[in-house]
Structures are given as structure tokens and as C-alpha cells.
Amino acid sequence: MSLTIKIHIASYLNLNHNHRVSNIASCPNFISTIRPKPFCNPNPLIPRTHIYKMPADHKAGAAPIIKSSLIEPDGGTLVDLVVPEGLRASKTSEAESLPHAKLSKIDLEWVHVLSEGWASPLGGFMREHEYLQSLHFNSLRMKDGTVVNMSLPIVLAIDDDTKSRIGSSPHVALFGPDGDHVAILRSVEIYKHNKEERIARTWGTTAPGLPYVEEVIASAGNWLIGGDLEVLKPIKYNDGLDNYRLSPKQLRQEFDKREADAVFAFQLRNPVHNGHALLMNDTRRRLLDMGYKNPILLLHPLGGFTKADDVPLDVRMEQHSKVLEDGVLDPETTIVAIFPSPMHYAGPTEVQWHAKARINAGANFYIVGRDPAGMGHPTQKRDLYDPDHGKKVLSMAPGLEKLNILPFKVAAYDTLEKKMAFFDPTRSENFLFISGTKMRAYARSGENPPDGFMCPGGWQVLVKYYESLQAEESSQKPAVLSS
């Protein structure tokens with residue numbers, strides 16, 4: 001995927017930030033037509049103060065109650081599905097007595113996502129009425145008629161044996177990959193898992209070679225089980241990176257602590273090069289020019305499942321740390337945290353999920369680049385998705401009206417200035433576009449990229465990673481015996 005960066009701005013903004021939404025419509029026969037709210041755009045970049053409605057017992061003349069966070073989570077309140085500490089022992093004891101379903105590593109990542117409210121207002125793995133709305137409308141309609149975006153089905157698959165074991169039990173215990181008790185799924189509903197329909201509608205193709213499909217869906221069971229989730233304790237990975245896994249609640253608290261008046265999120269699954277840094281630093285400058293006093297960058301690498309040739313999370317986090325150490329990004333105005341979601345590589349469908357989750361984390365601005373969440377076609381030599389469709393879809397997606405999508409120009413390597421710069425079409429011959437594939441080839445061969453492409457400390461992290469891979473591959477080759 002090319003590292004060229006293009007950004008688009010939403011042409012509308014939800015002006016009513018004070019509404020509260022109720023539970024998702026749950027009637028089995030629920031049918032509706034999803035329509036985006038009317039488009040209107042006074043100026044979505046002007047700072048807004050969000051004020052709660054006065055409670056009934058509010059005294060006349062008292063100061064208004066100011067909401068500190070910059071943007072309301074979907075549904076009005078962040079979902080928190082982790083059982084309070086005082087109840088964990090009794091809930092764990094109950095889980096031991098229930099029929100169980102075993103979670104895969106990626107299922108556990110989805111439990112993590114749900115438990116912290118990234119998918120608010122979703123309160124568990126989807127039941128069928130939620131699954132169908134997500135699959136066909138990319139959104140969920142609430143009981144009060146409001147719409148929240150939900151472009152990816154968040155579901156749990158089970159096989160025939162597990163379905164038989166559950167029987168008519170209304171509650172099911174969920175065991176982790178290591179056999180530990182993770183959660184209880186309440187008031188469960190089991191329904192058919194039509195894999196072909198799910199794949200076709202999520203990815204727009206059923207071509208072989210889709211990473212998430214091959215890793216998760218192809219071997220999954222023929223049934224989906226949904227219900228209300230109770231997570232027995234916070235999800236931890238004990239990989240040395242848990243301190244970076246800030247929940248939406250923790251991120252909102254950190255933004256408030258830093259007195260941010262704007263938060264702009266940048267999602268990535270690749271190492272940060274100087275083109276990314278140019279984009280992020282210039283975004284902050286532009287927000288300051290627009291009147292914001294303290295815009296904060298949320299540098300938010302994806303931390304769940306990624307395909308085999310992507311740079312692993314621990315290497316990326318070390319590289320991001322070097323970017324801050326080398327002063328490419330300002331640590332005082334940057335928060336680096338891990339977004340725990342698995343990666344689908346589903347292009348315009350998935351980028352809506354990435355944006356929606358950042359709303360719940362408290363970001364009111366979102367940067368979208370060229371071919372977001374995309375990949376090369378698995379069987380043809382072309383992009384799987386039109387590189388511009390992601391930004392266009394975000395500008396129209398139902399349920400994302402309150403999120404500002406930031407515009408930006410193309411960044412590439414300027415061979416005259418010997419640095420990453422904004423592309424100038426009047427001298428296009430002087431610009432070099434370095435793809436992710438080319439960047440990995442440089443690092444794998446030990447060859448340095450052009451000066452100014454990436455900070456030296458960050459580049460050395462990648463070189464050492466690929467050197468370790470090559471050493472590992474060499475050690476695994478069978479020895480050749482001479483005669």
C-alpha cells in the first residue's frame with residue numbers, strides 16, 4: 001500500500017451534541033430505512049462548548065454544569081462491561097457452573113474492545129437483529145430513532161458441538177485461549193452464521209487470500225452467539241505494552257487533564273515516517289491557526305490482529321517511541337496509545353469502525369489517508385479498493401456526523417529538498433513515492449532509505465527487526481551435509 005496521504009473534510013456536523021440515546025432497537029421484526037441526518041455546515045472547525053441539560057434539582061442562578069470531554073460517546077454514555085472488583089469472585093464461581101464456549105486469541109481481542117466501550121453503545125456480542133443492521137446498513141438504529149455507526153459486525157462464532165453443549169441455557173461462560181474464565185454471556189441468542197454473505201458484504205469480494213477471513217472466518221463455526229457481556233476482570237496481555245493500552249475512559253481523562261480543546265486522532269498500523277509526522281505537525285499548526293489553544297494528537301496504532309507481513313506491534317511501539325525521542329513529534333502534545341481492535345483490511349467499510357471507535361475515545365477530529373484500511377487485491381495486481389473511497393464514505397456515513405474529518409494534501413519525498421514534503425504537481429518529477437513494500441525492502445536488505453525519509457533512531461529499530469528475522473530464518477534452514 002502506498003504511503004501517499006490524502007485527506008478529506010466532512011461537509012456536515014451534528015449540531016445537537018446533547019441528545020441521549022437509549023438501547024438498540026431489539027424488536028425481531030424491526031425494519032427501517034437508514035437515512036443520514038440533514039447536512040449542515042456552519043463551520044465544523046470552530047470550537048464548541050458542550051453543556052449538559054440542567055438536572056431537575058439544579059438551583060436557579062448556579063453555575064452551569066460543563067461537560068469536560070469534547071465529544072459525547074455514541075449512546076451518550078461509555079459502556080463499561082468489566083465486573084466490579086467486589087463481585088468478581090462470585091461471578092467467576094458462577095462461570096464455573098455454566099456451559100462454556102472457548103475464545104480464540106482474536107475473540108479475546110474483541111472481548112477487550114467491547115469491555116472498554118470502544119463499540120459503545122454495544123453491550124456484548126451482537127444478537128441477530130444487531131448483526132443484520134451492521135451487515136446491511138453499517139449502523140444501528142436506537143429505540144429513540146437515532147443512528148450510531150457500526151460498520152463491522154462484532155460477533156462470536158461457535159461450532160455444532162458447542163451449540164449442543166449450551167442447549168437451552170440462557171447464560172454461557174467464555175473461556176480464554178489458556179483455559180481461564182474471561183466472561184459470562186447473558187441472555188444468549190444463537191443464530192446461523194452465513195459466512196459467504198458476511199464476507200461478501202464486509203469486503204465486497206469472496207476472493208481467496210483475505211487475511212482476516214483466512215485467519216478467523218473460514219475455520220469458524222456455523223453459528224453465531226450473541227448476548228450481554230460481563231467481563232470478569234480487565235483484559236491484560238502481559239507483553240510489556242499494557243501501560244499503552246489506555247481505555248476510552250482513561251484517554252478522555254488524559255485529554256481533560258491536559259486541558260485539550262481539540263483532539264485529532266491518527267490511526268496507523270505501520271511505522272511512522274517523516275511524511276506522517278509532516279501531516280500530524282501541520283494539522284496541529286492549522287488547528288492553532290483556527291483558534292484552538294491546545295490541540296492534542298492521539299497517535300493510535302492498531303494493536304490487534306494484523307497480517308503476517310505487517311510489522312509486529314512491539315516493534316512498531318519501539319519505533320514510535322524513537323520518533324518522540326528524536327523530536328519528530330512533540331511528547332508534550334502527543335499521546336501514544338494502543339487501539340486494541342483486530343484489523344480486517346476491509347477498506348471503506350472498516351474505516352468507519354476506526355473513526356467511530358475514536359469518537360468513543362474522545363477524539364473530535366480524525367485524519368484519514370489514502371486507501372484507509374485497504375490492501376492489495378489478493379489475486380490481482382491492483383488495490384482491492386478505490387484509494388479515494390474511504391475518505392468519501394466517511395464524509396457521508398450515517399452516525400459519524402459529529403466527527404470532523406480533516407483535509408490534507410499529498411505528502412511524498414522531495415528529491416531536491418531531501419525531505420518529506422507536500423507534493424507539488426508543477427514539479428512532479430522531483431517527488432518520490434515510497435510504498436510500504438519498498439520501505440520494508442529497504443529495511444530487510446539493510447539499505448538506507450533517502451535521507452529525511454524517517455528519523456535515524458526509528459529506522460534502526462526496523463533494521464534490527466528484519467536482521468533478527470533473517471537470523472531466525474537462517475537458523476531454521478536444514479544443514480547441508482558435505483560428502
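Student: Which residues in helix 9 meet helix 13, and which residues in helix 13 do they meet?

Tutor: V315, E318, Q319 and K322 of helix 9 meet G457, G458, V461, L462 and Y465 of helix 13, where contact means heavy atoms within 4.5 Å. By class, that contact has four nonpolar, three polar and two charged residues. Ala, Val, Leu, Ile, Met, Phe, Trp, Tyr, Cys and Pro count as nonpolar, Asp, Glu, Lys and Arg as charged, and the others, including Gly, as polar.

Student: What kind of model is this, and how are residues numbered?

Tutor: This is a predicted model, in which local features need pLDDT of at least 70, side-chain atom pairs count only at pLDDT 80 or more, and totals for chains, interfaces and linings use all residues. Numbering runs from 1 along each chain as its sequence is written, and side-chain values use heavy atoms, leaving out hydrogens and water.

Student: Back to the helices. At what angle do helix 9 and helix 13 pack?

Tutor: Helix 9 (residues 313–325) and helix 13 (residues 456–476) pack at about 160 degrees, with their axes 7 Å apart. Axes are lines fitted to C-alpha atoms, for helices over the stretch in contact, and angles run from 0 to 180 degrees between N-to-C directions. The two helices are therefore roughly antiparallel, a label for angles over 145 degrees.

Student: What about helix 3 and helix 5: how do they cross?

Tutor: The axes of helix 3 (residues 128–137) and helix 5 (residues 195–203) come within 9 Å and cross at roughly 40 degrees. Y131, L135 and H136 of helix 3 make the contact with E197, R198, R201 and T202 of helix 5. Those residues divide into two nonpolar, two polar and three charged.

Student: Now strands. Which residue stands opposite L174 in strand 6?

Tutor: A183. Strand 5 (residues 172–175) and strand 6 (residues 181–192) pair in the antiparallel sense over four bridges; strands pair if DSSP finds at least two bridges between them. They form a hairpin with five residues between them, and G179 in the turn has a positive phi of about 90 degrees.

Student: And where is the partner of A183 in strand 7?

Tutor: At V231. Strand 6 and strand 7 (residues 223–231) pair in the antiparallel sense over eight bridges.

Student: How many helices and strands does the protein have?

Tutor: 13 helices and 15 strands. Helices (H or I, at least four residues) and strands (E, at least two) are DSSP runs, numbered from the N terminus.

Technical notes
Parallel < 35°, antiparallel > 145°, perpendicular 65-115°, else oblique.
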